[in-house]
Amino acid sequence: MINRLLRLCFCSSIKIEPVNIHYQDGLFDTTYGLLKMTRNPYLNQKQLESITNAYLLVDGVGSNFIKSLFKKDMNSLIIFDCEKMHLRNAIEIYQATKKQIDLQFFGTPKRPRNPFSKCKGPKDIFNLYRHIQNQQKLMLSRMCLVVSYNGEVRIQGTLPECGDLKYHLEEQPENISHIGYRKYNYLLPFSAYQGIVTAYNYEKEGVAIEFLNYKKIYALYGVFPPSQRQYQVLFHSYMQKLVKIHDVTHSSLYNVIDLGCGTGVLGFIANDVLLRSLKDKEINIYSLDNVENAVKSAKINAQCLEYKNYTAELGDITDIETLQYQLTVFKYPAKFNLIIANPPWIQASKIRIDDSIENTVTDPEGIMLKSVFEFANRYLQIESLDSTKGRLILIYSDLSQLLELQEKEKVQELCREYKMAITYYSELPFHIKDPQNVDPLLQYKQNSKVQLFEIRKI
């Protein structure tokens with residue numbers, strides 16, 4: 001590990017106080033004690049070790065100065081002073097800096113820049129825009145708050161509620177090599193802190209779901225709240241049609257599984273419709289997700305809705321062989337009458353492996369989509385009569401195709417590969433709002449559709 005004395009550049013014209021820090025064993029030793037970077041998927045270990053300066057900001061520092069730092073000193077850390085910076089000023093500085101970074105890439109209304117002028121199509125635009133967004137997040141992730149090991153944010157002013165911040169901090173080891181056991185504090189990127197506050201508001205306030213009689217669904221940190229309405233409209237409409245069909249099943253048992261359940265909202269909508277409409281049948285709703293907080297969210301929501309027939313477990317459908325064993329351990333049924341799947345819609349590689357939000361919207365090489373078909377091929381219920389074959393309900397989008405990230409008719413191709421057929425289809429426009437009109441992919445998103453496929457084995 002690098003053990004280096006890092007000196008702070010001092011600007012006498014702006015109120016900035018110097019601080020000496022050195023980086024050893026993954027820690028910065030500062031006037032605030034030992035500091036460990038946390039919740040930062042943008043700065044890797046090598047980048048942290050290359051940091052040469054740290055700037056301690058006090059009230060009165062402007063975003064123009066910070067912009068100059070990003071230009072002249074890309075290896076710097078920017079820390080909001082614990083004693084001499086108020087939160088309201090930190091928010092203003094952060095937002096102003098974010099705007100300055102936007103101007104750096106896109107120019108001003110009077111002197112606009114078009115970084116996409118040489119792009120040959122939507123795929124090039126998509127990839128370049130992701131690169132720009134990644135660069136912006138990388139720069140902003142260097143602006144940090146100090147958080148004590150007990151979860152206390154070290155800044156002046158009234159702080160918003162964010163729950164127990166210790167939950168978001170890395171667990172401290174019992175021993176740190178060379179320096180022995182010492183409690184250390186944390187450097188938390190300001191962007192991560194804002195994300196934690198926003199997530200806590202969703203966790204606390206919830207989202208009222210129209211198709212659950214406006215009961216609320218809650219999302220833990222790192223789990224998308226069910227705020228988009230289109231896919232819920234499509235799915236509820238389909239479930240209403242399904243229960244009107246007399247051949248739903250001749251069995252008294254009806255098993256449903258939601259793959260990649262998130263907050264569990266689709267499984268809950270299915271459960272609500274089935275319980276009200278098929279009162280002579282035993283309804284069981286099962287779910288899987290490879291994100292621990294998603295499983296926790298689904299379990300919490302099931303308890304709030306008082307659904308005793310709902311089960312959620314941690315499992316990855318892209319590892320079908322391991323999952324096959326897990327399903328036995330979970331005591332899930334061998335077959336399902338209804339399989340629900342709403343996999344990520346963007347078929348693109350992951351830029352940051354540990355970025356939880358990006359991981360929920362991208363599906364590299366369409367692995368998740370293909371795994372849905374593999375799961376359905378193994379676990380769809382097939383009864384004696386053709387009319388009672390199990391159904392895969394796939395909620396998807398054509399956005400990847402419009403962006404030229406995915407070949408056309410991908411779902412139809414997978415149906416042919418797994419000897420399945422689309423037996424029902426519906427769609428709705430994907431309503432996208434961009435008040436600032438800065439999204440270069442807006443026209444493609446506005447032309448895209450949210451799709452629902454009912455798929456059965458041939």
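Which residues are linked with Glu321 in a network of salt bridges?

1. Glu374 and Arg378 are the ones to look for: together with Glu321 they make up a network of salt bridges. Keep in mind while you look around that this is a predicted model. Searching the whole structure turns up 15 salt bridges, and a few of them get their own point below.

2. Start with Arg229 and Glu210. They form a salt bridge in which the closest N and O atoms are 2.8 Å apart.

3. Now try Arg391 and Glu454, whose side chains meet in a salt bridge at 3.0 Å, N to O. Again distant parts of the chain are linked: Arg391 belongs to strand β17 (residues 391-397) and Glu454 to strand β19 (residues 449-457), 63 residues apart. Both Arg391 and Glu454 are buried.

4. Glu454 has another partner to check. Arg456 forms a salt bridge with Glu454, and here the closest N and O atoms are 3.8 Å apart. Arg456 counts as buried because its relative accessibility is 15% and the cut-off for buried is under 20%. Glu454 has a relative accessible area of 4%, so it is buried too.

5. Have a look at helix α2 (residues 63-72) next. Its buried residues are Ser63, Phe65, Ile66, Leu69 and Phe70. They cover an arc of only 155° around the axis, so they lie on the same side of α2. Turn to the other side of α2 and you'll find Asn64, Lys71 and Lys72 exposed.

6. Finally, strand β10 (residues 185-189). Why can we call it largely enclosed by the rest of the structure? Because 5 of its 5 residues are buried. Asn185, Leu187 and Pro189 point one way from β10, while Tyr186 and Leu188 point the other way, and all are buried.

7. Strand β8 (residues 143-147) runs antiparallel to β10, joined by 4 bridges. Val147 has Tyr186 of β10 as its bridge partner.

Technical notes:
Residues are numbered from 1 along each chain as its sequence is written. This is a predicted model: local features need pLDDT of at least 70, side-chain atom pairs count only at pLDDT 80 or more; totals for chains, interfaces and linings use all residues. Side-chain values use heavy atoms; hydrogens and water are left out. A salt bridge is a side-chain nitrogen of Lys or Arg within 4 Å of a carboxyl oxygen of Asp or Glu. Helices (H or I, at least four residues) and strands (E, at least two) are DSSP runs, numbered from the N terminus. Buried means under 20% relative accessible area, exposed over 50%, partly exposed in between (1.4 Å probe, protein chains only). The arc is that of the directions from the helix axis to the C-beta atoms. Two strands pair if DSSP finds at least two bridges between them.
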